[in-house]
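Good morning, and thank you for coming. I would ask you to look at the sequence and the structure together while I speak.

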Amino acid sequence: MAEPTITPLYPLTAPMQRQPESVVLPHDPVGEHIAAHLGAPAMFFHETDGGAVQVDIHVIGPTADFPYVRLVTSGMSKRPMTTPEGAPPFAELMMTLPANWQLDEASIKEERWYWPVALMRHLAHYPHHQGTWIGLGHALPNGAPPKPYVDGVGFCGAILLPPVSAPEPFHSVTVEGKDIYFHCVVPLFKEELDLARHQGFAALIDKFNDKDVTDVVDPARKNTVKKKFLGLF
C-alpha cells in the first residue's frame, strides 16, 4: 500500500477560530455522534475558509472516567476521499492530549500548544487537497525529509490507528448511507515513522506495547525504536 508524504503543516501563525459553541446548525450528525459517545464539547475550533471542506475540531474535556482531552474533527467526511477499490472513502480524526494541555485564547497563539490542532486540521484537508486518501495504518511524515512539527518537539510524523481508547460504538457512524470511520492520530519520531512505513504498523504497535505507549500525546515520551550507532547496530 503506497503511503502519502504530506506537505508541512499549515502556518501556525493563523489559528482557527476558538469558540464556545458550534456554528454547524441546525443538524450535524457527526457532531451529534461525537457528543453522544465522548461527551459534550467544551469548545470548538472553527474554520471560516476551509477550501474543499470546512473542518471543525470538537474539544472534549477530561472527565473522571477519561482524564484526558480529545480533539475530534467533523467536516472531513463531507466529501469522499480518492480511495483505491475497497478502501473506505469517508473518515474523521481524533487525537488524545493530556488533561493539562493548554488551549485557551492566549496559549493557542503559541506553537508548543497549538500544533496538535494545526496537525488535525492539516490531515483532515490533505486528502481533499491532493486527490488521495489516508486511512488505518498510514504513516504520514511531515514533509520530505520529515521535519519536527515545532521546535522542541521530536515528533516529525504521525500514524493513523484505531481509536481504541474510545467506546466501540464511537468508532464509526453511518450518515445518509455513508459509513464514516474515525481514526486516532498518534505522533511519531522519525525512527518510529521509518519502522511503520517499512515493516508495517503492526511492528510499531509491538514497540508501543513494549514501552507502554498509548495514544495520549506526550512530547516528553521516549522514542520506542532504538537509534542505530553510525548505522552499524
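Let us begin with what lies over the buried residues of helix 1: the cover includes strand 3 (56-60), strand 4, strand 5 (91-98), strand 8 (172-175) and strand 9 (178-188). Please bear in mind throughout that this is a predicted model.

Which residues of helix 1 are buried? The helix spans residues 29-38, and the buried ones are V30, G31, H33, I34 and L38. These residues lie on the same side of helix 1, because the arc they cover around the axis is only 160°. An α-helix has 3.6 residues a turn, so residues three or four places apart point the same way. Directly after helix 1 comes G39, which has a positive phi, near 115°.

I now turn to one residue in strand 4. That strand comprises residues 68-74, and S74 belongs to it. Is S74 buried or exposed? Its relative accessibility is 4%, and buried means under 20%, so S74 counts as buried. Which residues does S74 touch, leaving aside those up to four places away in sequence? They are D28, V30, I34, Q54, V55, D56, H58 and E92.

Let us move on to the backbone, and to a proline. The peptide bond that leads from A144 to P145 is cis, and its omega is near 0°. Where is P145? It sits in the loop that runs between strand 6 (139-141) and strand 7 (157-161).

One is E176, with a phi of about 50°. E176 lies in the loop between strand 8 and strand 9; both of these strands are among the elements that cover the buried residues of helix 1. With a relative accessibility of 77%, E176 counts as exposed, because the cut-off for that term is over 50%.

The other is D212, whose phi is positive at about 60°. D212 is located in the segment after helix 4 (201-210). Its relative accessibility is 67%, and therefore D212 also counts as exposed.

To close, I return to S74: in this predicted model, this residue of strand 4 is buried and touches V30 and I34, among others. Thank you for your attention.

Key
Residues are numbered from 1 along each chain as its sequence is written. This is a predicted model: local features need pLDDT of at least 70, side-chain atom pairs count only at pLDDT 80 or more; totals for chains, interfaces and linings use all residues. Side-chain values use heavy atoms; hydrogens and water are left out. Helices (H or I, at least four residues) and strands (E, at least two) are DSSP runs, numbered from the N terminus. Buried means under 20% relative accessible area, exposed over 50%, partly exposed in between (1.4 Å probe, protein chains only). Contact means heavy atoms within 4.5 Å. The arc is that of the directions from the helix axis to the C-beta atoms.
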